[in-house]
Amino acid sequence: MRGEGRPGGEGMGLTERLARGLVGLAAVLVPASRRAAWREEWASEIWHHVHGGEGTDPGSRGQVGLLAHCVGAFPHALWILGEEWNMDTVLQDLRFGLRTLAKRPAFTAIAVTTLALGIGANTAVFSVVDAVVLRPLPMPNADRLLWMWGRIYEGRPIASVSPPDFEDYRGATGGVFEVLAAYSSFSNRVVYDGGDQPEELGERSCTSDFLEALGLAPVLGRSFTPEETRAASTDVVMISHGVWERLYGSDPDVIGRTIRLSGEANTIIGVLPARLGIQDDVDVWRPLLFGHDDYQSRASHFLRPLAVLRPGVDRAQAQRALDAVSARLEAAYPETNQDWYPLVEPLQTVVLGSARPALLTLLGAVALVLLIACANVGNLLLARSGERRAEMAVRAALGASRGRITRQLLIESLLLAVLGAAAGLVVAVSGMSALRGLAAANIPRMDEVSLDGRVLGVTLLITALAGILFGLFPALTTPPGRLSVDMGGVGRSRGTRRGARVRASLVVGEVALSFVLLTCATLLMRSFVSLSAVDPGFDPHDVLTLPISFPGLSATTGFDVVGLQEQIRERVASVPGVREAAFTNIVPM
């Protein structure tokens, strides 16, 4: 018989062996008098997770779930150890640990610096991952909010829908969507000329239920009405919270006032919340004018729809409803709607884009850096434990138990971890500032990154785990019951050979992890160099670009925009050192 029916039987898989190894490592922390019963209890839990049993949740039997559960053996072991600790002796161990670290300032400085880099890097990167990836969008209904792509073209989605198609989708999907709103993909530039100095503002258009889809409401005034969006023209606008503060000094009586944009008078009917979650850089919002001639063509795809699922409706049901409407539109309008089938995705997925895998990869890389740091400190402690073997032998001879010596070693390692975490917070703050500056243009929601309670809690957890991890190495290789003192006063035991094996294993692990990181970094650098060497088909050297906009000026208003461009081009071309000057709507690459 293989013995699979018993907690200690044969036939264990790799995951079960790893789980038992974690429990065995944590057992070092449990007092000897309770260790056997504790290990038997955890062995029984592992068996029930792997093989099932009465009252066991089948969903908890996964490999990852089992290993995550067994990580909990460490705090459980510490809790049991703490039950037998006397606070006076703990304080005594703390004072002794501080004196011990103070006697070796070079060792302490190296260990603290190593941990500071590992913990600080993990804290900084986790603060970004937490704000960008883990936290939901700052909207009350973020879990039900979907983005509608207009069409899949050459394997890539296109975020646009024509106004007539949008109204057809909105009229036929009321059973699955609570709200179907949209905003224009076009961003206009307008000039605010009501102050001492003209200021350029960004302007977009949206449907009357745009804020409702986001689960928000104006902080002052109202949103647009359906009648205003069905008109052919309008002069009502909503202003952003930033414009309200900057141009109107947060005046609560701003509603009903006139704001002049590119020479035209407009009435302010609402002030938006400080944060929308999308398009937060827009200064002025106008209603989408479905009555305007530009909104009548099914070939003009420029609306970006947002949908809110009804409670109890999933994304697959919504997709089927959209496909049914798209099939009818394709049959009715084959010239414009051939193969035009929208696709819905969670808004958070669309907002994150490619940032999610990049950030998770970065988090994995800094986690490996922390493991290398812990292995380094563990090696330092193991080397130092050889020097302290005589001290441990004397303490054992005087009656110190294994648990007491283990506690002393753990307290010293936790003190190192705490000092490393304190210095790591300084590294983390600098790292967060650097990440915000480098990635603000490429990673969304970077303005939400902060060192808050969640991040500090993770830092505390990392500190505790790191302290236990590298503190267990000398504890495992210093069995006081086998220590003796030879004539030269140097302690010897079988733990010496064990310590040498552990140190060799740590060095191998460090080299392996470092090789993985170095290989990944080399491949990334090689890709970067290869991309930089791609011939774009033109010579980009000594070419400068300058964005210029003409808010409110166009040929439709009777202004000669082309003539103004030509005047600007001639004046720029006459500047000494300029060989050629030209205008373009699209900058190459």
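**Loops, rings and charges**

Reader: Where is the place of Ser250?

Author: Ser250 is placed in the loop between α10 (241–248) and β9 (258–261). Helices (H or I, at least four residues) and strands (E, at least two) are DSSP runs, numbered from the N terminus. The model is predicted, its residues are numbered from 1 along each chain as the sequence is written, and side-chain values use heavy atoms, leaving out hydrogens and water. Local features need pLDDT of at least 70 and side-chain atom pairs 80 or more, while totals for chains, interfaces and linings use all residues.

Reader: What is the phi of Ser250?

Author: Phi of Ser250 is near 60°, a positive value in a residue other than glycine. Ser250 is partly exposed, at 30% relative accessible area (buried is under 20%, exposed over 50%, partly exposed in between; 1.4 Å probe, protein chains only).

Reader: And what about Asp339, which has a positive phi? Where does it lie?

Author: Asp339 has a phi of about 60° although it is not a glycine. Asp339 lies in the loop between α12 (334–337) and β13 (343–346), and with a relative accessible area of 46% Asp339 is partly exposed.

Reader: Ser162 next, please. Buried or exposed?

Author: Ser162 is buried, with a relative accessible area of 0%. Its place is in the loop between β3 (156–158) and α7 (163–172).

Reader: Which residues does Ser162 touch?

Author: Leaving aside residues up to four places away in sequence, Ser162 touches Ser297, Arg298, Ser300, His301 and Leu303 (heavy atoms within 4.5 Å). The backbone oxygen of Arg298 lies 3.4 Å from a polar atom of the Ser162 side chain.

Reader: Which are the buried residues of α7?

Author: They are Pro163, Pro164, Asp165, Phe166 and Tyr169. The buried residues of α7 pack against β4, β12 (303–309), α11 (315–332) and α12.

Reader: Now the rings. How many aromatic pairs are there?

Author: The count comes to nine, taking rings of Phe, Tyr and Trp (its six-membered ring) with centres within 6.5 Å; planes under 30 degrees apart are stacked, over 60 edge-to-face and the rest tilted. Tyr183 and Trp285 form an edge-to-face pair, 6.2 Å centre to centre, with 85° between the planes. Tyr183 is in strand β4 (residues 177–184) and Trp285 in strand β11 (residues 284–287), so the pair ties together parts 102 residues apart in sequence. Tyr183 counts as buried at 1% relative accessibility, and Trp285 likewise at 1%.

Reader: Which rings are linked into a cluster?

Author: Ring pairs link Phe166, Phe186, Phe290, Tyr295 and Phe302.

Reader: Changing topic: how many salt bridges does the structure hold?

Author: It holds 16 (a side-chain nitrogen of Lys or Arg within 4 Å of a carboxyl oxygen of Asp or Glu). In one of them, Asp130 and Arg454 meet at 2.4 Å, N to O. Asp130 lies in helix α6 (residues 105–134) and Arg454 in helix α17 (residues 453–476), so this pair ties together parts 324 residues apart in sequence. Asp130 is buried at 2%, whereas Arg454 is partly exposed at 44%.

Reader: Which residues are linked with Asp130 in a network of salt bridges?

Author: The network links Asp130, Arg135, Asp452 and Arg454.

Reader: With which residue does Glu203 form a salt bridge?

Author: Its partner is Arg286, the closest N and O atoms being 2.6 Å apart. Glu203 lies in strand β6 (residues 199–206) and Arg286 in strand β11, so parts 83 residues apart in sequence are tied together. Glu203 is buried, as is Arg286.

Reader: And Arg230 with Glu227: buried or exposed?

Author: Both Arg230 and Glu227 are exposed; the closest N and O atoms of their salt bridge are 3.4 Å apart.

Methods. Polar contact = N/O pair within 3.5 Å; in protein donor to acceptor, adjacent residues only side chain to side chain.
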